Amino acid sequence: MKLAIMQPYLFPYIGYFQLMNYVDTYVVYDDVQFTKGGWINRNYINLNNNRFLLTLPIEKPSLKKKINDINVVGYFKKYLKTIVQAYRPARYFNDVYPMLESIFVRQDRDLVGLILDSFYAICSYLDCHVDIIVSSDLNMATELKGAPRILAMCNALNAHDYVNAIGGQCLYSKDEFLKNNINLQFLMTHDIEYEQFSGSFIPNLSIIDVLMFNSKQDVKRFLTQFDLV
């Protein structure tokens with residue numbers, strides 16, 4: 001069984017979904033400390049042919065709060081209004097925006113719940129059939145940190161292949177995983193370019209940008225454009 005474990009990011013770049021599409025089970029790592037200034041509640045979009053950091057307001061996190069303790073504050077309408085402002089002229093706006101809007105029709109304000117809803121909606125749109133679970137449901141020992149905790153989750157889920165984003169090369173050792181009978185690989189996304197608005201291509205934006213400018217079939221093709229190293 002192929003497994004991936006990543007912190008929950010709201011509308012991340014396409015590499016996140018390549019990883020999700022490739023594995024059998026995807027663990028949303030929700031019971032670790034929230035990191036201020038990361039990508040959990042924000043990402044870049046294309047606004048007026050410029051890179052714009054779209055941020056979903058959240059309550060001020062304390063140093064002790066885990067990701068699954070964080071709640072959204074303010075109104076979803078402002079967030080959605082910015083997406084409309086940025087992408088209404090985009091070719092696939094009418095296909096994609098109703099899906100995005102449906103994600104925010106919820107009473108709960110917990111950030112992880114919202115991110116999970118976004119994963120389910122986008123995976124459904126792209127015909128990505130992956131088993132998504134949250135790490136807090138695994139009840140792992142709280143004293144485990146870093147690679148030992150990842151290995152414990154792999155063992156708990158009977159995973160023989162663990163796939164991480166390419167940035168994890170500085171965190172995890174293939175030899176250490178092999179000692180535990182687990183094959184570790186890293187996913188490296190190809191350079192993916194497509195037609196946006198007029199102007200130079202802006203790379204590495206949120207999945208929102210990819211969806212707005214490309215057909216479903218083209219995005220599904222993009223999901224396969226990576227190497228495993």
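## Basis of the description

Because the model is predicted, local features are described only where pLDDT is at least 70 and side-chain atom pairs count only at pLDDT 80 or more, whereas totals for chains, interfaces and linings use all residues. Residues are numbered from 1 along each chain as its sequence is written, and side-chain values use heavy atoms, with hydrogens and water left out.

Apart from its neighbours within four places in sequence, Tyr162 is in contact (heavy atoms within 4.5 Å) with residues including Leu3, Ile5, Ile150, Tyr172, Phe177 and Leu184. Ile122, which lies in helix α4, is buried, with a relative accessible area of 0%; buried means under 20%, exposed over 50%, and partly exposed in between, for a 1.4 Å probe and protein chains only. Leaving aside neighbours within four places in sequence, Ile122 is in contact with Phe11, Phe17, Met99, Ile207 and Leu211.

## Two pairs of helices

Two packed helices are described by the angle between their axes and the distance between the axes. Axes are lines fitted to C-alpha atoms, for helices over the stretch in contact, and angles run from 0 to 180 degrees between N-to-C directions. Angles under 35 degrees count as roughly parallel, over 145 as roughly antiparallel, 65 to 115 as roughly perpendicular, and the rest as oblique.

Helix α1, residues 14-22, has 7 of its 9 residues buried, so this helix is largely enclosed by the rest of the structure. The axes of α1 and α4 come within 12 Å and cross at roughly 70°, which means that α1 is roughly perpendicular to α4. Here Tyr16, Phe17 and Met20 of α1 meet Phe119, Ile122 and Cys123 of α4. Helix α2, residues 76-87, and helix α3, residues 93-103, pack at an angle of about 170° with their axes 11 Å apart, so α2 is roughly antiparallel to α3. Their contact is made by Leu80, Ile83, Val84 and Tyr87 of α2 and Phe93, Tyr97, Leu100 and Glu101 of α3.

## Residues in the loops

Ser206 has its place in the loop between β7 (183-189) and α7 (207-213), and this residue is buried, with a relative accessible area of 1%. The side chain of Ser206 reaches the backbone oxygen of Phe11 at 2.7 Å. Not counting residues up to four places away in sequence, Ser206 touches Phe11, Pro12, Tyr13, Asn43, Tyr44 and Ile45.

Asn49, in the loop between β3 (42-47) and β4 (50-55), has a positive phi of about 65° although this residue is not a glycine, and Asn49 is partly exposed, with a relative accessible area of 35%. Asn181, in the loop between α6 (174-178) and β7, has a positive phi of about 60° although this residue is not a glycine, and at 62% relative accessibility Asn181 counts as exposed.

Terms used: Helix = DSSP H or I, 4+ residues; strand = E, 2+ residues; numbered from the N terminus. Polar contact = N/O pair within 3.5 Å; in protein donor to acceptor, adjacent residues only side chain to side chain.
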